[in-house]
Amino acid sequence: MATSTIEQLRARVSGQVITPGDDGYDQARTVHNAMFDRRPRAVVRCTSTADVRAVVDYARENGLDLAVRGGGHSVPGFGTVDDGIVADLSGMRAVTVDPHARTAHAGGGATWGDFNAATGEFGLASTGGIISTTGVGGLTLGGGIGYLARGLGLSCDNLLSAEVVTADGRAVVASEKEHEDLFWALRGGGGNFGAVTSFEFALSPVDEIYGGPIFFELAHVRDLLAFFRDFIADAPEQYGGFPAFQIAPPLPFIPADRHGEPFIAMVNCWTGSTADGQRIIDRIRAVAPPVAEMIGPMPYAALNTAFDGLVPAGLQHYWKASFVKELTDDAIEAHLTHGPKVPVVNSTVHIYPINGACHRVAPDATAFAYRDANFAVVIAGMWPDPAENEANTAWVRDYYAATAPLSEEGGYINFMAGDDQERIRANYRGNFDRLVEVKRAYDPDNLFHLNQNIRP
């Protein structure tokens with residue numbers, strides 16, 4: 001890239017343009033998944049929609065690959081690229097709340113920690129994820145599964161509008177009233193259609209929740225998963241917990257002699273009264289005796305940060321995902337075989353419930369098609385040592401191979417690895433052809449292709 005061209009780009013943006021040889025380049029090119037050590041020609045730390053438009057124009061005009069980075073948590077490392085340009089939105093993290101209208105605007109680089117801190121000041125929330133450092137943008141564009149989904153719907157179901165920079169460099173607002181086709185596609189279609197610089201969400205009253213994790217012996221996996229399958233089918237929608245396979249971290253509430261051992265855990269979130277929450281969680285305790293627990297009232301934002309320490313930047317990541325209509329006895333046996341083999345404390349398996357409010361949205365109302373699935377399973381391989389890549393990736397693949405025949409063909413795109421591209425049509429079912437039409441309308445040359453890509 002010629003120096004004059006770089007200087008032209010610098011002149012077009014107010015944010016910092018970082019190139020090889022500049023101070024901070026190695027930090028600027030880094031994403032959460034350390035498997036991806038890519039070297040872009042430039043990283044632009046955008047501070048405004050105008051900056052994003054300039055970067056999109058620059059990538060298009062120069063025939064460069066374009067990566068759009070929000071929180072940087074993409075498992076396939078889509079937030080960086082070799083020999084291309086990165087539009088880094090991390091400087092666009094402002095969240096503003098209108099407590100009377102119960103809405104919030106979040107910049108394209110905001111994290112759920114940013115969002116929850118702002119909305120929590122008013123006792124309000126919208127469905128976010130499980131890790132607070134996750135980007136609002138990536139999670140929402142892929143659908144958005146989290147603790148509040150059974151009661152409030154997916155993150156994308158709470159999206160009211162989005163400002164989008166399209167492949168031709170325009171900034172448009174997509175909502176139910178304008179660019180309706182784009183708005184439909186953004187809600188589950190991923191980053192295929194443009195760079196979203198601002199999100200507007202509907203908020204709901206959520207302040208203090210009752211919950212936390214309970215650890216149980218692996219001997220009770222069958223009983224707990226069978227209980228959860230039956231319980232969650234008609235549980236009150238204020239309950240948003242899930243079972244997980246988890247090695248016990250060195251936390252004070254876990255007996256010291258059990259640190260480092262694998263358990264089956266129930267992670268609980270109840271948004272109703274404390275008394276009702278106690279009764280609900282007592283039903284779980286009745287299934288098996290807890291080994292350790294940390295249950296009580298806490299701000300919703302506190303629960304959303306509870307696992308942050310297990311997922312620092314710089315781990316190796318390889319994940320697989322499936323949608324499940326029924327957690328059959330055979331599926332439970334597959335989980336029993338592979339879940340206890342979770343290799344390190346960072347790795348985990350979560351079985352998220354996605355019924356309740358998620359089912360009250362028609363499968364063709366948004367791009368997110370699996371409105372009849374009851375569970376979203378993620379096998380999240382995360383570990384610090386690159387020397388363990390082969391063994392830990394094999395654990396994920398073996399686990400997925402055992403559960404895939406008992407699951408739906410498609411899965412949740414936010415939990416997929418880079419080698420899942422062949423599942424794209426299955427992920428969107430009957431919505432796929434319409435998504436291709438929207439892609440052709442807004443990005444006919446596939447400038448936005450560093451994603452789980454819908455080709456025009």
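User: Where does Ile413 lie?

Analyst: This is a predicted model, where local features need pLDDT of at least 70, side-chain atom pairs count only at pLDDT 80 or more, and totals for chains, interfaces and linings use all residues. Residues are numbered from 1 along each chain as its sequence is written, and side-chain values use heavy atoms, with hydrogens and water left out. Helices (H or I, at least four residues) and strands (E, at least two) are DSSP runs, numbered from the N terminus. Ile413 lies in the loop between H12 and helix H13 (424-428).

User: Is Ile413 buried or exposed?

Analyst: Buried means under 20% relative accessible area, exposed over 50%, and partly exposed in between (1.4 Å probe, protein chains only). The relative accessible area of Ile413 is 11%, so Ile413 is buried.

User: Which residues does Ile413 touch?

Analyst: Contact means heavy atoms within 4.5 Å. Residues up to four places away in sequence are not counted. The contacts of Ile413 are Gly142, Gly188, Gly189, Gly190, Asn427, Tyr428 and Gln452.

User: How many Å apart in space are Ile413 and Leu154?

Analyst: In sequence, 259 residues separate Ile413 and Leu154. In space, C-alpha to C-alpha, the two are apart by 14 Å.

User: What length does helix H12 reach from its first C-alpha to its last?

Analyst: H12 covers residues 389-403, which is 15 residues. The expected span of a helix is 1.5 Å times one less than its number of residues. For H12 that expected value is 21 Å, and the helix comes close to it, reaching 21 Å.

User: Why are the buried residues of H12 on the same side?

Analyst: Asn392, Thr393, Trp395, Val396, Tyr399, Tyr400 and Thr403 are buried in H12. An α-helix has 3.6 residues a turn, so residues three or four places apart point the same way.

User: Which residues does Thr393 touch?

Analyst: Thr393 is found in helix H12. Thr393 is buried, with a relative accessible area of 10%. Leaving out residues up to four places away in sequence, Thr393 touches Met35, Tyr318 and Trp383.

User: Which element supplies the largest share of the lining of the second largest cavity?

Analyst: On a 1 Å grid over the protein atoms alone, a cavity is a set of points where a 1.4 Å probe fits but cannot get out, a pocket is an open set with protein on both sides within 12 Å along at least five of seven lines, and lining residues have an atom within 4 Å of a point. The second largest cavity holds about 80 Å³ of space. Its 14 lining residues include Val324, His335, Val377, Thr403 and Ser407, the closest to its centre. The largest share, four residues, comes from S17.

User: What volume does the largest pocket have?

Analyst: Grid points are joined across faces, edges and corners, and a volume is the space filled by probe spheres set on the points. For the largest pocket, that volume is about 290 Å³.

User: Which residues are closest to the centre of the largest pocket?

Analyst: The largest pocket is lined by 17 residues. Closest to its centre are His32, Arg69, Gly70, Gly71 and Ser90.
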